[in-house]
Amino acid sequence: MYQYVLKRLLLLFPTLLGAAVLVFFLMRLIPGDVCELRMAGTGAYFDKEALKICQDELGLNRPILVQFWEFIRGYATFNFGDSMYTGRPIVEEIVLRFQLSLQVAIMATITAILIAIPLGTISAIKQNTWIDYGVRAFSIAGIAMPSFWLGILIILGLLITTKSWFGAAWMPPIQYRPLWEDPVYNLTMLIWPAVATGYRYSAVATRMTRSAMLEVLREDYVRTARAKGLLEKIIIRRHALKNSLLPVVTVIGIEFAFLMGGLVVTEQVFNLNGLGKLFVESVTNFDYNMTQALVMLVVAVFVLTNFVVDVLYGWLDPRIHYR
Amino acid sequence: MKTFAMKTAAAFAVGAALALSAGAPGAAQAATPKKGGILKYVVPAEPPSFDGHRETSFALIHPIAPFYSLLIRVDPSVPYKSGNFVCDLCTEMPKPTDGGKTYTFKIRRGVQFSDGTELTAHDVVATYQKIIFPPQGVASARKAFYVMVDSVTAPDPYTVVFKLKYPSGAFIPALANPYNFIYSKAKLDQDMHWYEANIMGSGPFIFDGREAGAVIRGKRNPNYFHKGKPYLDGFEAIFAKKQSLRVQAIRGDRAAIEFRGFPPKSRDDLVKALGKDITVQESNWNCVLIVTPNHKKKPFDDVRVRRALTLAIDRWGGSKYLSKIAIVKAVGGVAFPGHPLAANKAELQKLAGYWPDLKKSRAEARRLLKEAGVPNLKFELHNRGVDQPYKIVGTWLIDQWKQVGMTVTQRVQPTGPFYATLRKKKDFDVSLDFNCQAVVNPLLDVAKFISDDKTGNNYGNYQDRELDKMFDAMNQEPDPKKQRAIMRKFEKRALDEQVNAMITLWWYRIIPYRSYVKGWYISPSHYLNQQLEPIWLDK
């Protein structure tokens, strides 16, 4: 087990290096740079000298391999550098956003689990009944509906209903306060994006739970349990559900990692100052340093989440051994 | 459907009436300003750094301008009037001496920076030295605005003297540029880049914190030199990239105002939803989209083809219909419509593309295309990936050109690659470009049209020495009547004879905001009048 953990952790480094090479060179294929963008402000006078000063300051005029070496050396010494757009340390820029994204990801995951596992299980047990059809329609709608669109509907719905019920339109806050500072305010803001993304997330997981459960319910050991006269409740809970969770855990793991940096549009709909929004801004602002840091962070989150999922497999299915 | 339309129209009528009443000069001043409250407003982007001298984005002005004072500024009580400049840090607007070549400003006494140190003429001089004559390695985005300045000195701690190389009508408007924050000489001496990451001014508000990507906060400056102001306890500039969210934020009262401007549809939605709780102010906007043919590419090196391009455009009709869906409205020439140097309607109608007879204009366009050997001209319009108003105007132009037999496709690029194409690759056929200025200063603003080796922002790849001469003559001519006469010749050459580039429609600024916000007046630029000290909340 320890050997396996060590091996998986060591694998993180070549994965990160591969991502570093890719992101570094791909970003530089896009025409333009952060300095040119800064000078686009008014479309008016464009000072070539100011442009050169800016490019010199940021090291953009140096040979590309020198820039790459500086980048790798910085990461090797945990010096992530400064944002090319704001000039602030990368770590400072990411910390606040990371905690917000993490909280939304956790809340959305909890929402998804709370919806998906009971619904998926019931749907499988009641296969081809109106309950099953209802759950399937609900989950297909979740997959078909982009979460940002649902987000827009939620905001509009809140504005319209509060105006008609209470006389004043209300919408969720657009500025973040950490959970430990003001829990009510925090949850008032984040519950909506968590629901919007959690619904889509749950739709995928519901369908996965249902199909895995159907498969397990047809296994010989379930038939044996029924033949023994065990109560259906016990069969489902003790024998079927746990075994059907393996693919569900995989889906949940992948979705969780995706939520950490992939809520690009949803974050903008709710004005969440999270990693997804920062990601888009850093790419559009040609902030190479920030984009590289975010890609590395997301790769690390993906690798670690997959690792946690692999470990969970062993707990869910004792037949799995790590070597 | 009919009922809905009637309701919408009625709601809009109410809103428009409110706008007219609240937006009219003096209307909001009728009430006594109340002190207190925090103004929350949304800003579409985050500023790159805090240094106004270096940056060009409005995203810097909206959250940062309230921390600083200026030497002179556009009058915040009538910002919609062109050329109305008043002192901010100076005591009296100076009259030029030495044949219009020397301006002597007296500086207020007792003005303090937020660290408690006194602001003197030496700080003003250090600031303008940085802007006009930046030392090596220091970027100044607008130093070209001050080509007429010979020196800036402080003979004593309360006097600043600007000596010009020649008298210039462009000097005072350039001096009032809202980016010219007055910095502390001590801080600049310590580090010329200090203001990129720090904020310390003498404006109505003191910096109270920033959350990366989220908000910048300011609190009232108790020692502000305009006594009794600001009225607000503070402000929060909230960054919100998506326009729909900014509109909803005002609707849901998470923010009271957005100072850049919304399209007509958003205004109508807010008016319909909020009725008397929303006020709208509107103004012509000192920004314009310009059709820029690439003179280095055939057949756009042929003036007949360029002339056909402009003759095909129905600006008068476009103004009527496009203004319903986009932030464009006024028909104008090279100078901001309504400015004394701008062409009036009769003068405009003599220029190609502005003729009152559209049929005649388009017939002439077809004739010219045929004569130039490209009766079925096909080309690509290069455009910026911004909806308002770029993509809308671009799509409209394609239809206009189709009317005379041209086939045009549109290539839309995000801002970075868009400018890389204009500045480096230069491989476009025809591009949309924009000119957006703060202080209305047509003498300098028309630099967009002079030769590309004389200005940094002409992307048409042409040289026109006649225009260059006229530009210099205009800028060195003290008599406004003569300036205007040269401007007409300049305009005739740029838009009609050579058609180096084409003006589309001037932008139109629409600001719907919560009616409890008082004391703020719209200006022709989203860069102006953003110190926020006259604003108060009627809550």
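This is a predicted model: local features need pLDDT of at least 70, side-chain atom pairs count only at pLDDT 80 or more; totals for chains, interfaces and linings use all residues.
B:Arg488 is buried, with a relative accessible area of 14%.

**Salt bridges**

The partner of B:Arg488 is B:Glu491, and the closest N and O atoms of this salt bridge are 3.0 Å apart. B:Glu491 also counts as buried, at 2% relative accessibility. Both residues belong to helix H17 (residues 480–497) of chain B, and because they are 3 residues apart there, about one helical turn separates them. In general, an α-helix has 3.6 residues a turn, so residues three or four places apart point the same way.

How many salt bridges are there over all chains? The count comes to 49. One of these pairs links A:Glu92 with B:Arg210, whose closest N and O atoms are 4.0 Å apart. Since A:Glu92 lies in helix H5 of chain A, while B:Arg210 lies in strand S7 (residues 205–211) of chain B, the pair joins two chains. A:Glu92 is partly exposed, its relative accessible area being 40%.

Another salt bridge, with an N to O distance of 2.7 Å, brings together the side chains of A:Glu232 and A:Arg226. Here A:Glu232 is partly exposed at a relative accessible area of 35%, and A:Arg226 is partly exposed at 37%.

| Salt bridge | Closest N to O distance |
|---|---|
| B:Glu491 and B:Arg488 | 3.0 Å |
| A:Glu92 and B:Arg210 | 4.0 Å |

**Domains and nonpolar cores**

The domain assignment of chain B gives domain 1 (31–256 + 516–537) and domain 2 (284–508). The C-alpha centres of these two domains of chain B lie 32 Å apart. To the contact between them, domain 1 of chain B gives 19 residues and domain 2 of chain B gives 17 residues.

Which residues touch the most other members of the largest nonpolar core? Within this core of 157 residues, they are B:Leu39, B:Leu71, B:Phe162, B:Trp401 and B:Phe449. Both domain 1 and domain 2 of chain B supply at least three residues each to this core. A second, separate core holds 95 residues, including A:Met213, A:Val216, A:Phe286 and A:Leu294. To return to B:Phe162, when residues up to four places away in sequence are not counted, this phenylalanine touches a set of residues that includes B:Leu71, B:Tyr103, B:Phe105, B:Tyr128, B:Phe171 and B:Leu175.

**Helices of chain A**

Helix H3 (residues 48–57) of chain A has as its buried residues A:Ala50, A:Leu51, A:Ile53, A:Cys54 and A:Gln55. These buried residues of H3(A) pack against helix H2 (34–38) of chain A. Just after H3(A), the residue A:Gly59 takes a positive phi of about 75°.

In helix H5 (residues 90–125) of chain A lies A:Val91, which is partly exposed with a relative accessible area of 47%. The C-alpha atoms of A:Val91 and A:Gly81 are separated by 8.3 Å, and these residues are 10 residues apart along the chain.

**Backbone features in loops**

Most residues other than glycine have a negative phi, and most peptide bonds are trans. Against that background, A:Asn128 has a positive phi of about 65° although it is not a glycine. A:Asn128 is placed in the loop between H5 and helix H6 (130–144) of chain A.

Is B:Asn461, whose relative accessible area is 7%, buried or exposed? B:Asn461 is buried, and its phi is near 60°, a positive value in a residue other than glycine. The loop that holds B:Asn461 runs between helix H15 (442–445) and helix H16 (465–475) of chain B.

Chain B also has cis peptide bonds. The bond from B:Lys229 to B:Pro230 is cis, with omega near -5°, and B:Pro230 is found in the loop between strand S8 (215–220) and strand S9 (234–239) of chain B. A cis peptide bond likewise joins B:Lys298 and B:Pro299, where omega is about 0°.

Conventions. Residues are numbered from 1 along each chain as its sequence is written. Chains are lettered from A and ligands numbered from 1 in the order in which they are written. Side-chain values use heavy atoms; hydrogens and water are left out. Helices (H or I, at least four residues) and strands (E, at least two) are DSSP runs, numbered from the N terminus. Buried means under 20% relative accessible area, exposed over 50%, partly exposed in between (1.4 Å probe, protein chains only). A nonpolar core is a set of buried Ala, Val, Leu, Ile, Met, Phe, Trp, Tyr and Cys residues joined through side-chain atoms within 4.5 Å. Domain bounds come from an automatic or database domain assignment. Contact means heavy atoms within 4.5 Å.
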